[in-house]
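Me: I want to learn how to read a few features of a protein complex. Can we go through them one by one?
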Amino acid sequence: MNSTENTSRDKIIFTAQLASISLIWIFVIAIAIWILNLISVSVDLNDAPGISIAISLVAIPVFFTLASILTYVFVGFHKNSKSDLNNTLGD
Amino acid sequence: MTEEKTKTIDIDEALYRPIYETGRGFYLTVGILLMIILFAAFMYVRQVYYGLGVTGMNQPVTWGFYIVNFVFFIGISHAGTLISAILRLSKAEWRRPITRMAEVITAIVLAIGGLHPIIDLGRPDRVLNIFTAGRLQSPLLWDVTSITAYFTASTVYLYLPMIPDIAKLRDRGGKLTRFYDFLSWGWQGTDHQKKVLNRAINILMVMVIPIAVSVHTVISYIFSMTLQPGWHSTIFGPYFVVGAIFSGIAALLIVMIAFRKVFHLENYLKLIHFQYLSTLLLIMSLLWFYFTFSEYLTGIFGAEPHEMDVILYKFTGPYAIFFWSMVVFNFIIPVIVLSFKKFKTIKGILFASITVVIGMWLERLNIVIPSLANPRMELGSGMYFPSLTEWSLFVGAIAVFVLGYVLFSKFFPIISIWEIEEGREESIKEVEKRVKSYLPGPAETSD
Amino acid sequence: MPKWAMVIDLDKCTGCGDCMAACKLENNVAIVSPEQTEEGRVMFWMDMMSVYDGEYPHVKVKRIPKPCFHCDNPPCIKVCPVHATYINPEGLVGQIYHRCIGCRYCMAACPYTAKVFNWYEPEWAEEFKTCLNPDVSLRMKGVVEKCSFCAHRLQVVKEDADAEDREIMDGEYMPACSESCPADAIYFGDLENRESKVFKLSRSPRAFKELEGLGTEPKVIYLSKRE
């Protein structure tokens, strides 16, 4: 197996991983937009908007925390591999 | 690459074997399950084509098997993430071979359970109306939100602790290296990566517990937010959560016993694991009985006429057989089997777990149908007989669960390999240190 | 703003079932086959409850017509996930058939069991198809429907009143059941109008509402000397 093929394969996989992370964010943001839309509908119709707002206050942060944890793990993994190249046998 | 593959004969080889060796049994199981699922899918398409008339539902029993199974499956899903999070949080060392299996149950069953309300819809083509015209004020939408949150959280919670194992599979090479490479997110096992992963798992396990509790509480709200007799009860939230954990542990035990047998994991899943978990099952059984007793005693003592109609329908009416077998399956059998060491063998535990799963399904049936069958208005009580469509979709849902599990075990190790390794290397020292820290130190000498 | 309400005089009601038939024809309610009816899928917007008191041979039969109660605090709209059921400012509780997803939560939540579901594609005999009421939209399979207090009649009455630039008169807007009742047992009108017959009857000592304790505030009021 030659190395150029390997690196290009790595690049493709890395892009795919990036895409999956952004997919999570798109999902989370879509949910937030959906919930905000429902709140605006309930405000328009004056149909107990308080309940909707209360639920959104719990739901939206939960989804965003989940996406942030995933991003944190992904970024954390990759930050490390770069610094590892600089000082192998560091610790 | 090939060199590497032959070289790595791990001590945990037994855990890799199911992934690399595919027997005739695997294809046979998948084939049979696919046939069942195809039949169920056909029945569902038929239902969409003709309308919900092909089910046994009617007026006033407007909800049937689909909602019963919805509550049941979501209940089973509490096995996983919740139990695994609690065990991780309490640093129970015996959790190591169990957590992965538990988490997989959650991810698969939650997807199945979450689909049930859609199967139940009269107009599944309009389900997207909940995005454009949804009412977040309706308990059904609370459910959509909390189940989505729980599904996301439990999938993440299943995935993150799997990353080191996926990296192991990647390093072994083989046909699916690229797939594993993609999923392993560049895991090299460096100290920094371990720190990041551990921190993420710690945050998640704290987060996932309230989400799991909220899911079944909200499902109970679907019922308790209405004014119907037998449903309109404040105890429903915790009652459903307890029942969910109860049925979840039973399902987990069944799955563990099945995989132990099929994959020959006797070395990993020892009798002690089953005994510890079944003690938990026993506690939940007693708790379940306590809740059931309180719920019905309040109803009987107050004797509000509509409430009594429902209770009598369950105690002596057409649902007496289901009600009393529920009590036998959920309380009498598990308590007898699990209280005596003599019966606490693998077979005994399997028997008790199966009765609990059946009993908890009956409990959901006893909650959904009798309240609907006894409307407050003087219309007489209704009756409900599930049709072939409902039965086949029920069997189909179970088949999807088994298939999902079998496929998962084909691609990923069913027991967390790195956590077992970590246990071997570190936990004895760690536990020793921990226990020492609990113990009283040398007595202080008084001056 | 008017508040439309119905008063049903059970002392006058003979239990003949004419209201049920009139309602079915007026509102294009599907005709359900006898086998399906046997299974509990009969469709009536105006139903008839039969209550049997006592043991044979001393049985007393009460026949109680039961439409949708058009509650002022309706449990059905609170649970609908898609705004498919609503209450309008005039107190009419309506159903939007084209938005309903058929989850049947409203049916489960209604303490009066007033709603019915289209278990199959609604059907009519060939002869019926020529005389469907053009004012009432046809429903499709898989949606919930219920008594609308013949809201389509209110549209016509409103247009007439607007054209003649006057208020709607008492007794001008009548649902089909009330119009057809041979015993004149069903009254309909505006509760806010102190001159209306319905208002006066609602103050009668014989007046009661079903399941009043639930706080749903139904706008169908029964009159009966019994109980």
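Me: How many residues does the contact take from chain C and from chain B?

Reply: Contact means heavy atoms within 4.5 Å. Here the contact takes 48 residues from chain C and 45 residues from chain B. This is a predicted model, where local features need pLDDT of at least 70 and side-chain atom pairs count only at pLDDT 80 or more, while totals for chains, interfaces and linings use all residues. Residues are numbered from 1 along each chain as written, chains are lettered from A and ligands numbered from 1 in the order written, and side-chain values use heavy atoms, leaving out hydrogens and water.

Me: What area is buried between chain C and chain B?

Reply: The size of an interface is often given as the accessible area lost when the parts come together. Buried area is that loss (1.4 Å probe), summed over both parts. Chain C and chain B bury about 3,700 Å² between them, and carbon and sulfur atoms give 57% of it. On the side of chain C, C:Ile101, C:Tyr105 and C:Trp119 lose the most area to chain B, together 18% of what that side buries.

Me: Which residue forms a salt bridge with B:Asp120?

Reply: A salt bridge is a side-chain nitrogen of Lys or Arg within 4 Å of a carboxyl oxygen of Asp or Glu. C:Arg104 forms one with B:Asp120, and their closest N and O atoms are 2.7 Å apart. The count between chain C and chain B is 1 salt bridge.

Me: At what angle do the axes of helix 12 and helix 16 of chain B cross?

Reply: Two packed helices are described by the angle between their axes and the distance between the axes. Helices are DSSP runs (H or I, at least four residues), numbered from the N terminus. Axes are lines fitted to C-alpha atoms over the stretch in contact, with angles from 0 to 180 degrees between N-to-C directions. In chain B, helix 12 (residues 236-262) and helix 16 (residues 346-373) have axes that come within 9 Å and cross at roughly 145°.

Note on methods
Buried area is the accessible area (1.4 Å probe) that two parts lose on being put together, summed over both. Helices (H or I, at least four residues) and strands (E, at least two) are DSSP runs, numbered from the N terminus.
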